[in-house]
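Visitor: I am new to reading protein structures. Could you walk me through some features?

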Amino acid sequence: MRYLHEKDLLSIGINWDETTSVIEQAVKCLQQDDFSQPIKPYLRYGQEQNRIIAMPAFVGGTINQAGIKWIASFPNNIHQGIPRAHSVTILNNATNGVPEAIVNTALLSVIRTASVSGMILKHYDDVRKQKDITVGIIGWGPIGQYHFKMVTSLLGDRIKNIYLYDLNPIDITSIDPSVKEKVIIAKDWKEAYQHSDIFMTCTVSKAPYIDAAPKAGSLLLNVSLRDFTTEIFPHVKGSIIVDNWEEVCREKTDIESMHLQCGLQKEDTKSIIDVVCHNAISSYREDQAIMFNPMGMAVFDISMGHYFVKKAEDLKVGQLLE
């Protein structure tokens, strides 16, 4: 059994073109029904905002891997100098069930999350082909910082400005010097939101607050899922994309609020399969804002774990356990 920790993933490095391709491979397995993924249960006790989630899945195709991610999210940890999220992923041989690897780091989940966003961004970019792009990121924790790394890698010199906003002061030294001159620290979320062609929510917000119309034609990557009020619904009701309706329409997400308060139904949305396999983004008007809402799918975690374990085997990274 191979054991990987955060330092091992960092030593392997992140190739965002490759990690987004891993997500695309997994989506094609979804489209071919070559997967298994039960609805993930939430373990809650004590304070309501704390949760530990079990995410089992099998992914077929060339990935052919089973496994489970066990991820804890305790938002108040940040006030004690402890990371909000802790995650362990166990990978099993798909043929005989033998455990083959343990990836003991939340970084795998962070990379998966940013790679899902990156894959959607690539499909959006293939259709819209924008130049002089303005990016906005709300929330500067690990998810926000790795979305920053992802978007600057994939869009490169076509980025004109990047607006960043967080309730806490943003440490400028945490920003890559090669793109620092493009960064604008916004005075509030509205400043970032109104300018952004690509806007990402990467917060741990307890209540929605974004209530204004988005920039025409923009891509809203609603990563944290609980930032938009239902006031946004008229502006995106014909252009909402989800990873999985049954997963995302629960747990007080923005999608569940739109479902309960505005009548949004599954058939009113498109799925991540529609984006990858049916070129769904090309069906939207060029001036139409697109809103992507990813609850997070276990098939993507297992696929990403498989990718890094194979890399680790090739590079002889990590520990071999009996």
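Guide: Let us take helices, backbone angles, aromatic rings, salt bridges and the surface in turn. Keep in mind that this is a predicted model.

Visitor: Let us start with a helix. How do its residues point?

Guide: In general, an α-helix has 3.6 residues a turn, so residues three or four places apart point the same way. Here, look at α10, which covers residues 298-315.

Visitor: What span should α10 have, and how far apart are its end C-alpha atoms?

Guide: With 18 residues at 1.5 Å a residue, helix α10 should span 26 Å, and its end C-alpha atoms are 26 Å apart, which agrees.

Visitor: Is α10 largely enclosed or largely open?

Guide: Of its 18 residues, 13 are buried, so α10 is largely enclosed by the rest of the structure. A57 belongs to strand β4. With a relative accessible area of 8%, A57 is buried, because buried means under 20%.

Visitor: What should I know about the backbone angle phi?

Guide: Most residues other than glycine have a negative phi.

Visitor: On to the aromatic rings. How is a pair described?

Guide: A pair of aromatic rings is described by the distance of the centres and the angle of the planes. This structure holds eight aromatic pairs. One of them joins W140 and F148 edge-to-face, with 5.4 Å from centre to centre and 90 degrees between the planes. Both W140 and F148 are buried.

Visitor: How are the rings of F199 and F228 arranged?

Guide: They too form an edge-to-face pair, at 6.4 Å centre to centre with 80 degrees between the planes. F199 lies in strand β11 (residues 198-201) and F228 in the loop between β12 (219-221) and α6 (233-236), so the pair ties together parts that are 29 residues apart in sequence. F199 and F228 are both buried. They belong to one aromatic cluster together with W189, Y193 and Y209.

Visitor: Where does the charged end of K149 sit?

Guide: It sits over the ring of Y146, 5.3 Å from the ring's centre.

Visitor: How many salt bridges are there?

Guide: The count comes to 14 salt bridges. In one of them, the side chains of E48 and K252 meet at 3.1 Å, N to O. E48 is in the loop between β3 and β4 and K252 in the loop between α7 (245-248) and α8 (254-262), so this pair ties together parts that are 204 residues apart in sequence. E48 counts as exposed at 54% relative accessibility, and K252 is exposed at 60%.

Visitor: Which residue forms a salt bridge with R112, and is the pair buried or exposed?

Guide: The partner is D301, with the closest N and O atoms 3.0 Å apart. R112 lies in helix α3 (residues 107-128) and D301 in helix α10, so the pair ties together parts that are 189 residues apart in sequence. Both R112 and D301 are buried. K69 is linked with R112 and D301 in a network of salt bridges.

Visitor: Finally, which residues form a nonpolar patch on the surface?

Guide: L43, Y45 and W70 form one, with about 320 Å² of accessible area together. Y45 lies in the loop between β3 (42-43) and β4 (51-59). With a relative accessible area of 47%, Y45 is partly exposed.

How values were computed:
Residues numbered from 1 in each chain as written. Predicted model: local features only at pLDDT ≥ 70, side-chain atom pairs only at ≥ 80, totals over all residues. Heavy atoms only, no water. Patch = residues over 30% accessible without salt bridge, like charges linked within 9 Å, V, L, I, M, F, W, Y side chains within 5 Å. Areas by Shrake-Rupley, 256 points an atom, 1.4 Å probe, with all protein chains shown as cover. Salt bridge = Lys/Arg side-chain N within 4 Å of Asp/Glu carboxyl O. Helix = DSSP H or I, 4+ residues; strand = E, 2+ residues; numbered from the N terminus. Buried < 20%, exposed > 50% of the residue type's maximum accessible area, 1.4 Å probe, protein only. Expected span 1.5 Å × (residues − 1). Phe/Tyr/Trp six-rings, centres within 6.5 Å; stacked < 30°, edge-to-face > 60°. Lys NZ or Arg CZ within 6 Å of the ring centre and 35° of its normal.
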